[in-house]
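Here is a short report on one protein model. Look at the structure first, then read on.

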Amino acid sequence: MITLYGSMTSRATRNLWALEELGLPYEMKKVNLADGSHKKPEFTAVNPAAKIPALTDDGGVSMSESFAINLYLAQRYGVGKLWPTDPAQQAACLQWSMWAATEVEMPIVAVVVEKVFKPADKRDDTVIARNIERFTPEVAYIDRMLAGKDYLVGNSFTIADLNAACILNSLTRVGFDFAPYPNLARWLKACTSRPANQKVQAMPR
Ligand SMILES: N[C@@H](CCC(=O)N[C@@H](CS)C(=O)NCC(=O)O)C(=O)O
């Protein structure tokens with residue numbers, strides 16, 4: 001059995017999306033950040049980094065890092081589905097996943113923190129402006145790469161799309177104007193409206 005440790009308001013939702021895409025049986029163990037459960041020994045035995053998500057399975061896998069978890073799930077259970085068989089396409093899936101993790105996640109999360117989680121009077125407009133400046137060229141880049149294409153890699157939805165879409169979708173929470181990026185907007189809608197993601201979004205928070 002696969003066990004996913006996390007919460008519905010954490011990066012674990014991107015792993016739930018992958019698990020649902022693959023139709024895998026799994027259980028979710030809730031880890032409550034608000035009461036510090038992620039720092040308790042029961043959980044740090046699973047992830048010594050004291051962060052969610054984490055994933056274990058009966059075969060001895062015990063891992064963290066949400067994008068790595070998705071790559072693992074795709075490679076182990078999604079060959080020919082989320083994970084292409086062609087090595088060049090596999091390479092492209094790794095490239096887009098690393099891009100999501102290193103080029104866009106941090107600046108987008110920084111803007112979400114300022115605009116969504118902080119009270120208006122605590123908002124730091126300098127932080128917002130600096131991070132928008134960081135992610136805007138990346139957003140323009142993926143928009144160009146999606147011109148005339150339905151998916152990032154090959155002709156079908158892969159883990160590259162899932163890993164990139166799960167973070168780019170956070171832009172919808174901060175009033176981002178997608179109008180200059182029609183390819184991105186079209187692709188993001190196609191990805192996020194997939195039944196697996198809709199199912200995750202409908203799960204109780
Ligand atoms: N790079 C990690 C980030 C994990 C992370 O920061 N998780 C947050 C929740 S989404 C967390 O556990 N925060 C608690 C803390 O940092 O104390 C990943 O992608 O899984």
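Are helices α3 and α6 roughly parallel or roughly antiparallel to each other? Keep in mind that this is a predicted model. Start with the angle. The axes of α3 (residues 66-77) and α6 (residues 159-168) cross at roughly 160 degrees. Angles over 145 degrees count as roughly antiparallel. Therefore α3 and α6 are roughly antiparallel to each other. Their crossing is right-handed.

**Two helix pairs**

Two packed helices are described by the angle between their axes and the distance between the axes. The table sets out both pairs.

| Pair | Angle | Axis distance | Orientation |
|---|---|---|---|
| α3 and α6 | roughly 160 degrees | within 10 Å | roughly antiparallel |
| α4 and α6 | about 5 degrees | 8 Å | roughly parallel |

Take the pair α3 and α6. From α3 come Phe-67, Asn-70, Leu-71 and Ala-74. They meet Ile-159, Leu-162 and Asn-163 in α6. By class, this contact has 5 nonpolar residues, 2 polar ones and no charged ones.

Now take α4, which spans residues 87-117. It packs against α6 at an angle of about 5 degrees. Angles under 35 degrees count as roughly parallel, so α4 and α6 are roughly parallel to each other. On the α4 side, the contact is made by Ala-92, Cys-93, Trp-96, Ser-97, Ala-100, Val-104, Glu-105 and Ile-108. On the α6 side, it is made by Ile-159, Ala-160, Asn-163, Ala-164, Ile-167 and Leu-168. This contact divides into 11 nonpolar, 2 polar and 1 charged residues.

**Two domains**

The protein is divided into domain 1 (2-81) and domain 2 (87-198). Their centres, taken over C-alpha atoms, are separated by 21 Å. The contact takes 10 residues from domain 1 and 9 residues from domain 2. Which elements give two or more residues to the side of domain 1 that touches domain 2? They are α1 (12-22) and α3. Of these, α1 gives the most, with 5 residues. By class, this side of domain 1 has 5 nonpolar, 2 polar and 3 charged residues.

**The ligand**

Which residues surround the ligand? They are Ser-10, Arg-11, Leu-33, His-38, Lys-51, Ile-52, Pro-53, Ser-64, Glu-65, Ser-66 and Phe-67. This shell divides into 4 nonpolar, 4 polar and 3 charged residues.

Conventions: Residues are numbered from 1 along each chain as its sequence is written. This is a predicted model: local features need pLDDT of at least 70, side-chain atom pairs count only at pLDDT 80 or more; totals for chains, interfaces and linings use all residues. A residue is near a molecule or strand if its C-beta atom, placed from the backbone, lies within 6 Å of it. Ala, Val, Leu, Ile, Met, Phe, Trp, Tyr, Cys and Pro count as nonpolar, Asp, Glu, Lys and Arg as charged, and the others, Gly among them, as polar. Axes are lines fitted to C-alpha atoms, for helices over the stretch in contact, and angles run from 0 to 180 degrees between N-to-C directions. Helices (H or I, at least four residues) and strands (E, at least two) are DSSP runs, numbered from the N terminus. Angles under 35 degrees count as roughly parallel, over 145 as roughly antiparallel, 65 to 115 as roughly perpendicular and the rest as oblique. A crossing is left-handed if the near helix is turned anticlockwise from the far one by less than a right angle, and right-handed if clockwise. Two residues are in contact if their C-beta atoms, placed from the backbone, lie within 7 Å. Domain bounds come from an automatic or database domain assignment.
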